[in-house]
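Below is a briefing on helix packing, interfaces, domains and sheets. The structure comes before the notes.

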Amino acid sequence: MANKEVLLKVSHLKTYFPVKANFKLGKRAVLKAVDDISLSLYKGETLGIVGESGSGKSTLGRTILKLEEPTDGEIIFEGQHIEKLKSKALQIYRNQMQMIFQDPFGSLNPRMKIEKIIEEPIKMHTTLTKSERKERVLELIEKVGLSEEALKKLPHEFSGGQRQRIGIARALAINPKFIIADEPVSALDVSIQSQVLNLMMDLQDEFGLTYLFISHDLSVIKHISDRVAVMYLGRIVEIASKDSLYANPLHPYTKALLSAIPVVNFDQKREEIPITGELPSPVNPPVGCAFHQRCPFAMEKCKQERPQLKEINEQQQVACFLYDDKEEIEKNLGSSMVQV
Amino acid sequence: MKSSTVETNKHKEVLLEVNDLKVYFDINRKKVAKAVDGVDFSIHKGETVALVGESGSGKSVTSLSVMRLIQMPPGKIVSGSIKLDDKELLSLPEKSMRRVRGNEIGMIFQEPMTSLDPVFTIGNQIIESLVYHQGLSKKSARKQAIELLNIVGIANSEKVIDGYPHQLSGGMRQRVMIAIALSNNPKLLIADEPTTALDVTVQSQILKLMLKMKDTFNSSILLITHDMGVVAETADRVLVMYGGQIVEEAEVKELFLNPNHPYTMALLKTMPNLDQHVRRLPSIKGNVPPAHMFPEGCRFADRCEFAMERCRLVAPELENISDGHKVRCHLPFMKGGEALGQ
């Protein structure tokens, strides 16, 4: 991984939202949706971002695309700082990054024919003539597995899976290098999910795309990602190659997440990491480690200091004090902690 | 997390019996959507039955029919009978049906935000049902409501009871829904995708709670879901629906280890799971046919990889292939498709 080319680098990114003045929280309450996140994306890879609702994964994606204004930190795309860019200068970068949204019902204009929907970004960003655009649209719709007839129809005439294909065609229209997919298959039935995932992987192979794939579904993430980052309350608690994360999760939250997935297994009872309660409010996050209130292994230190991401091995980084020294790691791995 | 299958055999007393249920919706003068088209099943006392299928398969319409919550028109129950404890629900006058809903049958919906009334406090909504069905005084109903909130695991229930739905998180709201559904000790709990809108860690808490409540109150559950993992961990018996019909029915273990309908097999193969190491997921081609234009023969034939000429001409019947295992298919697989090579 080390000799791979970095496409996008994010460092110490913060996105805060002001919250309406509230006497309980003090006047200048802020919601820390993305709270000090650093990560790199390599060309051609898929980085999965997984987390529960409210963990800030969507805001992270939207901030990278500059759909939200970052409060602090850097976003470097192909060596260029883009966090400060405004409208015109930003357009050039917008060409290269596109987004696929979760809701295929809300993200397509119901009054526009499919043809127009896919053509619009081409019109916006390129100088192609009308007939060239038409050709391109036709090529795209066939690439995503729909037929020419689809172009003359309106969004409501399609099923969820087909609409998601249209959304993908639109995202691909201007040959982006980088695509952020925010829960692209969550609204689809299982049998359709796999069709769309397969399509996304085929397109990645064909066009050398880089994906940031946001989902709450660990099985979907496992399927499509090369590396996975686990988010909790605006922070990354663990980032690792897919295989090591699923075979040997380190952070207690990752372990809990993995053990909570219902699986088909009649032979052995799984041991579950019991976590209680729910995600605390990002307006008033706990001091220290964000997870300490729900963590079954919390120590005194976790309540005071915020753990930083630390490299445990080549494949894996984790933000947890349990891995501070070797002794503790061994004790930890050897004990009753579950191998999921 | 689930009661063993041996246990299921013990309580063979039937609680709910649905026979030849047909629910159609008029789309316009010419088109009729056959959302549920001849469904038979039964639920035994103390049993958890999962109803599985994709969107458009008719699973929600089936459950709404049991509650008699189908909007008519455009819907109409064309034929069939639904018996709860030998009482025919379909011929019950609306007034008595209202006594059944919430009292004998409790229901949990997918969207806890839309199924709670935003302008009433949590307390009001629980108390309402207690006062209506059990004739309690407001004061004692409030006491019991607090008790119920404690049972479903809501911390500081005395405060929450005076709060409004928007002040609670999704998981908490679903707990409140469960408290309301269970407030009158229903014999049957219908849960329509109860955890689909929730995060995995909360999902496992809610599922455990539902099963615990089932045991505490000795009720039965009809669980509607599309998540096979949830089915495997919670259900005793499974009904697989496709195109308004049940295509396979079996005890949970039997269904997963020895699926016989090509649709069930495909469904099990396509779900992304944690043990898979393939790059391309197998997928089912095409989409569920819309309910107003089902094909003449088998409704799955167009998407089935084993379809024969006969499948397109003759609609298969739901047949018993072994004890408690029923399949609607012309192909007798018997050994999970091994005979034809998967």
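H9(A) crosses H9(B) with left-handed geometry; a crossing is left-handed if the near helix is turned anticlockwise from the far one by less than a right angle, and right-handed if clockwise. This is a predicted model, in which local features need pLDDT of at least 70 and side-chain atom pairs count only at pLDDT 80 or more, while totals for chains, interfaces and linings use all residues. Residues are numbered from 1 along each chain as its sequence is written, and chains are lettered from A and ligands numbered from 1 in the order in which they are written.

**Helix H9 of chain A against helix H9 of chain B**

- The axes of H9(A) (residues 252-260) and H9(B) (residues 200-217) come within 8 Å and cross at roughly 50°. Axes are lines fitted to C-alpha atoms, for helices over the stretch in contact, and angles run from 0 to 180 degrees between N-to-C directions.
- H9(A) and H9(B) are therefore oblique to each other; angles under 35 degrees count as roughly parallel, over 145 as roughly antiparallel, 65 to 115 as roughly perpendicular and the rest as oblique.
- On H9(A) the contact is made by A:Ala256, A:Leu257 and A:Ala260, and on H9(B) by B:Val200, B:Thr201, B:Gln203 and B:Ser204. Two residues are in contact if their C-beta atoms, placed from the backbone, lie within 7 Å.
- This contact of H9(A) with H9(B) has four nonpolar, three polar and no charged residues. Ala, Val, Leu, Ile, Met, Phe, Trp, Tyr, Cys and Pro count as nonpolar, Asp, Glu, Lys and Arg as charged, and the others, Gly among them, as polar.
- Helices (H or I, at least four residues) and strands (E, at least two) are DSSP runs, numbered from the N terminus.

**Interface between the chains**

- Chain B gives 33 residues to the contact and chain A gives 28 residues.
- On the side of chain B that touches chain A, the elements giving two or more residues are H9, H10 (228-234), H11 (252-257) and H12 (262-270) of chain B.
- That side of chain B has 14 nonpolar, 12 polar and seven charged residues.

**Domains of chain A**

- Chain A is divided into domain 1 (6-96 + 176-334) and domain 2 (112-174), with bounds from an automatic or database domain assignment.
- The C-alpha centres of the two domains of chain A lie 31 Å apart.
- Their contact takes 12 residues from domain 1 and 11 residues from domain 2.
- On the domain 1 side, helix H6 (residues 190-207) of chain A gives the most, with six residues.
- The residues on this side of domain 1 divide into 10 nonpolar, two polar and no charged.

**Helix pair within chain B**

- H5(B) (residues 122-134) and H8(B) (residues 170-182) pack at an angle of about 20°, their axes 9 Å apart.
- H5(B) and H8(B) are therefore roughly parallel to each other, and their crossing is right-handed.
- B:Ile122, B:Gln125, B:Ile126 and B:Ser129 of H5(B) meet B:Val176, B:Ala179 and B:Ile180 of H8(B).

**Strands**

- In chain A, four strands form an open antiparallel sheet in the order S2-S1-S4-S5; two strands pair if DSSP finds at least two bridges between them.
- S1(A) (residues 6-18) runs antiparallel to S2(A) and is joined to S2(A) by 10 bridges.
- In chain B, S11(B) and S12(B) form a hairpin with two residues between them, and B:Gly324 in the turn has a positive phi of about 80°.
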